[in-house]
Amino acid sequence: MPDSVAIHVDGVEMVRLLGAQDRLLTRIEREFPLVTLHVRGNEITVSADNSAQAQQQLRDVEDLIRELIDLVRHGVDLDPADVSTGASLVVAAGDPKPSAVLGESILSSRGKTIRPKTPGQQNYVRAIDEHTIVFGIGPAGTGKTYLAMAKAVQALQRKEVNRIILTRPAVEAGERLGFLPGTLTEKIDPYLRPLFDALNEMLDPELVPKLLEVGTIEVAPLAYMRGRTLNDSFIVLDEAQNTTPEQMKMFLTRLGFGSRMVITGDITQADVPTGVSGLRLVTEILASVPDIHFATLSAADVVRHSLVGRIVDAYSAYDEKRLVARAGKKGKS
């Protein structure tokens, strides 16, 4: 006879726990294939056979469901990705617990709550709170820029800073800008558009133009930072892997009193014409400087489609093989 555990859930919490069309319940069953879940009224029954592996999954599912109940009880809207994150944390059987990671809210806007969704993202967000300059380094989809911008908006709303400055290098425009049609603003718009899109998600779209007009929020290419001292500001440099060492030094020395900086990028995706990435070099130069933190995110922190994480891992493995092969050829020569 299989063993089972019955978990009581209040009616409203049960609806939020199951998700639309029982999506969250289905995700739990996918993460733990050796258990069976049955919902009847206000009770979830978790069953498994007597094998050691199945019994371990039964205990993990019980822990996961209780953690998810705690989250919905505190108003967290769960999605299937949250269930997968919670499952991995429960299986790891250590700290932090799913409720500690997924329950940490940064910003609520237009019915949507922005929060870290992995332990790596949580450490990154906390580093932004605790350090003046933070580097967020990791592959696409890990939330580097999005979370940094959410922290910037949060700091502005709390009146911790007077303005937000968002910038990124327009690498491809360096040589071809003059050949693109339109004004300078129209030429650089494609490079800054992702930042505008994120802003419109975090703030009322009607408010964003007003804040841009009065200078409370500034979105500009990196070249516009030269010669300035940025006081009482939250400054985010995106796509920093495409800076030259000189640009990175120029940007970091813009830091003024009462300001914070977050620099994000993926070292493996550098498109710098000179071949030397300012982001790669700065990790060596500033590694031991106090009040500067380097947060490294990985494929485990990808919060886009689950396939993105597997794509990142596959490319990382491919790049590693190429490096090993290249080193072997040099050794033979």
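In the predicted model, the side chains of Arg115 and Asp82 meet in a salt bridge, with an N to O distance of 2.9 Å. Arg115 lies in the loop between β5 (112-114) and α6, whereas Asp82 belongs to helix α4 (residues 80-92), so the pair ties together parts that are 33 residues apart in sequence.

Glu104 is buried, with a relative accessible area of 18%, while Arg126 counts as partly exposed at 37% relative accessibility. The side chains of Arg168 and Glu239 likewise meet in a salt bridge (3.0 Å, N to O), and here the pair links distant parts of the chain, with Arg168 in strand β7 and Glu239 in the loop between β9 and α11, 71 residues apart. Arg168 counts as buried at 10% relative accessibility, whereas Glu239 is partly exposed, with a relative accessible area of 25%.

Glu239 is also among the residues touched by Thr264, as are Tyr124, Lys144 and Ala148, when residues up to four places away in sequence are not counted. Thr264 lies in strand β10 and, at 1% relative accessibility, counts as buried.

The largest nonpolar core comprises 35 residues, of which Tyr124, Leu166, Leu199, Met202, Val219 and Phe234 touch the most other members. The elements that give two or more residues to this core are α6 (119-130), α7 (144-157), β7 (163-168), α9 (184-202), α10 (207-214), β8 (217-221) and β9 (233-237), and the largest share, eight residues, comes from α7. The contacts of Phe234, leaving aside its neighbours within four places in sequence, include Ile128, Ala148, Ala152, Ile165 and Val262. A second, separate core of 32 residues includes Ile44, Leu58, Val72 and Val90. In soluble globular proteins, nonpolar side chains tend to be buried together.

In helix α11 (residues 245-252), the buried residues are Pro245, Met248, Met250, Phe251 and Leu252. These buried residues of α11 pack against β6 (133-137), β7, β9, β10 and α12.

β2 and β3 form a hairpin with two residues between them, and Gly41 in the turn has a positive phi of about 65 degrees.

On the surface, Val276, Leu281 and Ile285 form a nonpolar patch, with about 240 Å² of accessible area together. Val276 is found in the loop between β10 (260-265) and α12 (278-285) and, at 41% relative accessibility, counts as partly exposed.

Key
Residues are numbered from 1 along each chain as its sequence is written. This is a predicted model: local features need pLDDT of at least 70, side-chain atom pairs count only at pLDDT 80 or more; totals for chains, interfaces and linings use all residues. Side-chain values use heavy atoms; hydrogens and water are left out. Patches are made of residues with over 30% relative accessible area and no salt bridge: like charges are joined within 9 Å, nonpolar side chains (Val, Leu, Ile, Met, Phe, Trp, Tyr) within 5 Å. Accessible areas come from the Shrake-Rupley method with a 1.4 Å probe; for residues, only the protein chains shown count as cover. A salt bridge is a side-chain nitrogen of Lys or Arg within 4 Å of a carboxyl oxygen of Asp or Glu. Helices (H or I, at least four residues) and strands (E, at least two) are DSSP runs, numbered from the N terminus. Buried means under 20% relative accessible area, exposed over 50%, partly exposed in between (1.4 Å probe, protein chains only). Contact means heavy atoms within 4.5 Å. A nonpolar core is a set of buried Ala, Val, Leu, Ile, Met, Phe, Trp, Tyr and Cys residues joined through side-chain atoms within 4.5 Å. Two strands pair if DSSP finds at least two bridges between them.
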